[in-house]
Amino acid sequence: PQRIYYLSLEFYMGRTLQNTMVNLGLQNACDEAIYQLGLDLEELEEIEEDAGLGNGGLGRLAACFLDSMATLGLAAYGYGIRYEFGIFNQKIVDGWQVEEADDWLRYGNPWEKARPEYMLPVHFYGRVDHTPEGVKWIDTQVVLAMPYDTPVPGYKNNTVNTMRLWSAKAPNDFNLQEFNVGDYIEAVLDRNLAENISRVLYPNDNFFEGKELRLKQEYFVVAATLQDIIRRFKSSKFGCRDPVRTCFETFPDKVAIQLNDTHPALSIPELMRILVDVEKVDWDKAWEITKRTCAYTNHTVLPEALERWPVSMFEKLLPRHLEIIYALNQMHLDRVAALYPGDIDRLRRMSVIEEGDCKRINMAHLCVIGSHAVNGVARIHSDIVKNSVFKDFYELEPEKFQNKTNGITPRRWLLLCNPGLADVIAEKIGEDFITDLSQLKKLLDFINNETFIRDVAKVKQENKLKFAAYLKEQYKVKINPSSMFDVQVKRIHEYKRQLLNCLHAITLYNRIRSDPSKSFVPRTIMIGGKAAPGYHMAKMIIKLITSIGEVINNDPYVGDRLKVIFLENYRVSLAEKVIPAADLSQQISTAGTEASGTGNMKFMVNGALTIGTMDGANVEMAEEAGEENLFIFGMRVEDVEALDRQGYNAREYYERLPELRQAIDQISSGFFSPRDPGCFRDVVNMLMYHDRFKVFADYEAYIKCQGQVDQLFMDPREWTKKVIRNIACSGKFSSDRTIMEYAREIWGVEPSATKIPPPNLPRD
């Protein structure tokens with residue numbers, strides 16, 4: 001069959017034990033067996049470390065995709081890096097984020113198997129020699145890539161795929177080749193320099209940091225993976241093994257490479273280098289093969305996130321790849337020039353090489369010209385990709401551009417994390433929804449069924465009690481389990497507008513203070529997420545959240561009507577606990593900035609209602625469930641663009657809206673930081689004078705919309721009916737549906753629902 005290679009620098013897997021039991025259909029048996037040994041399976045599960053080899057959405061998407069590809073019976077491999085240290089552990093000290101190294105391999109990893117027999121060399125530096133026999137890349141430094149395989153089981157179909165992660169090893173002659181001059185001890189210690197390549201995950205979400213070590217990581221995973229792909233292609237019966245030259249004509253029919261963002265973009269020049277320099281394939285033929293093999297997924301439109309590597313760095317680290325990129329770009333620009341004679345500005349806009357004080361390689365442009373398919377991750381995002389980010393490329397080749405709306409695996413994000421809800425659903429519609437989530441539509445028949453309404457509400461209340469107990473046990477925080485659990489968990493970023501959430505919390509607080517006898521809908525506002533260590537504003541936002549919590553949570557006038565909790569060290573295993581307990585899901589990015597979001601989908605399927613902007617997949621969630629069944633507010637993309645043309649003036653809102661002014665004045669005067677009154681001046685200054693994400697512009701609509709949330713929450717029956725409607729309409733957001741679309745429309749393979757026979761039965 002055609003093999004699918006999903007290349008990603010991140011796989012945010014979380015824990016594996018419970019997922020393996022669920023997919024093998026062994027959970028009840030193991031539960032029982034462990035119980036009979038006088039042990040508690042849940043206690044055992046809590047011991048396992050998260051595999052935190054990702055930052056957020058992009059890395060978690062890769063993990064969901066692996067689960068769906070195995071469940072759909074695709075011959076798929078995930079390829080990435082086995083980071084020794086994953087995303088840092090977050091501690092909150094005096095209200096500030098402090099990072100701690102994530103030494104997740106300290107006690108070993110039972111799920112991986114080292115495969116030293118498949119170790120491969122990866123070359124760096126050196127120089128290029130143009131000889132009559134062809135091009136040679138010589139005098140390179142070699143690092144070895146050691147593969148570690150982790151099994152990826154499909155759901156009850158006896159399929160087990162592989163995630164192969166590469167670890168860097170120094171060759172034994174490392175730094176000793178230097179004809180025996182140096183210090184032997186020093187040379188052995190220097191092995192660390194090579195092995196640092198797989199040491200640590202770069203902790204940036206939606207931000208490009210042009211460090212040489214990161215470029216080495218990107219080439220390391222690409223070079224090792226492509227050798228593996230070609231080895232497998234040649235040894236299979238398809239690559240006709242004539243000793244002269246393997247024929248690569250059939251390569252794109254047997255191999256599909258999906259690039260998860262631009263991080264593995266070097267696959268394009270590396271595949272060209274292997275085909276042309278090593279396998280002696282004709283250049284134009286090699287380019288056709290490369291384009292038919294590769295496909296690129298774009299994950300963000302934020303300019304600061306786009307990878308633009310300095311040419312000078314390439315020249316030193318990957319000289320042959322730089323030559324190839326120059327040649328590909330020349331070919332591409334010649335074509336553009338022929339179609340648009342005299343349009344010099346178009347050539348500049350579309351070039352892979354950006355001219356300027358520092359010449360840079362635009363990796364997104366490289367991916368677009370080197371792929372046969374380019375996709376965004378939600379309909380609105382794919383439209384923005386076509387109409388603005390890659391507008392010129394879309395005009396050139398519109399057939400290249402597609403949409404593939406993200407999804408989440410219902411195994412981890414419903415069955416595993418919310419068994420109570422899964423049971424209540426299965427009672428009504430059977431168990432087939434687990435591999436065909438569109439069947440949740442059948443729940444629409446039960447929207448007015450009193451026992452079902454009661455059962456759904458009861459499961460939510462049990463989840464809330466359980467999470468409240470966890471918070472009390474882990475963090476000594478007491479919360480009111482009958483309050484509305486209002487949750488925003490995601491990476492801390494200005495575009496995600498945790499600050500808007502803060503302003504609502506302050507406004508609510510001020511309303512309680514100004515009329516303490518009035519009845520208020522009790523809320524527990526929970527905000528969680530990590531800030532990139534170098535992102536000053538994000539760290540200030542965390543400090544602001546914890547400071548607001550300190551004031552509100554200790555004010556006797558407020559009592560348990562309002563609490564603001566910062567959820568420390570948000571990660572996959574914590575998401576599995578908080579999401580099933582949430583009543584309200586906050587998805588409040590500025591329209592046009594969140595490519596898709598996937599947390600939004602997890603909350604929807606787990607019975608929370610969404611307050612959100614028309615951004616990312618929220619648009620499609622509103623379309624599926626009906627806009628009246630979400631709390632949609634604020635500017636649309638068109639309104640944001642109009643405001644940009646007009647010029648956004650924060651002060652105007654500040655002067656017009658008294659509650660907003662009061663909140664900002666409190667932050668600014670030190671009401672929430674009495675020991676350091678100037679603490680938040682950077683935050684206030686940003687909001688007032690250079691807020692790219694227009695927090696104030698949506699404040700009024702947001703506060704009003706939150707009032708509607710309160711109204712509905714006071715009517716538990718109507719609230720729960722809306723919850724059921726949301727769950728029933730969440731079927732589109734299964735990653736199984738997403739992967740079926742990739743398979744059919746990009747990779748050219750048909751998923752199979754056939755269950756292969758278990759190993760104890762004879763094969764046909």
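Predicted model: local features only at pLDDT ≥ 70, side-chain atom pairs only at ≥ 80, totals over all residues.
View 1. Strands are DSSP runs of E with at least two residues, helices are runs of H or I with at least four, and both are numbered from the N terminus; two strands pair if DSSP finds at least two bridges between them. Look for the 3 bridges between β15 and β17 (residues 360-362), where P310 stands opposite R360.

**View 2. The largest cavity, with about 880 Å³ of space.** A cavity is a set of points on a 1 Å grid, over the protein atoms alone, where a 1.4 Å probe fits but cannot get out; lining residues have an atom within 4 Å of a point. Volume is the space filled by probe spheres set on the points. Of the 50 lining residues, the closest to the centre are N55, G56, G57, L58 and D205. Helix α4 gives the most, with 4 residues.

**View 3. The second largest cavity, at about 160 Å³.** Here 16 residues form the lining, and M13, N19, D67, V152 and R412 lie nearest the centre. Two or more residues each come from α1 (17-24), α4 and β11 (141-153).

**Reading the views.** Residues count from 1 along each chain as its sequence is written, and side-chain values use heavy atoms, leaving out hydrogens and water. Local features need pLDDT of at least 70 and side-chain atom pairs count only at pLDDT 80 or more, while totals for chains, interfaces and linings use all residues.

Conventions. 1 Å grid on protein atoms, 1.4 Å probe; cavity = no way out; pocket = protein on both sides within 12 Å on 5 of 7 lines; lining within 4 Å.
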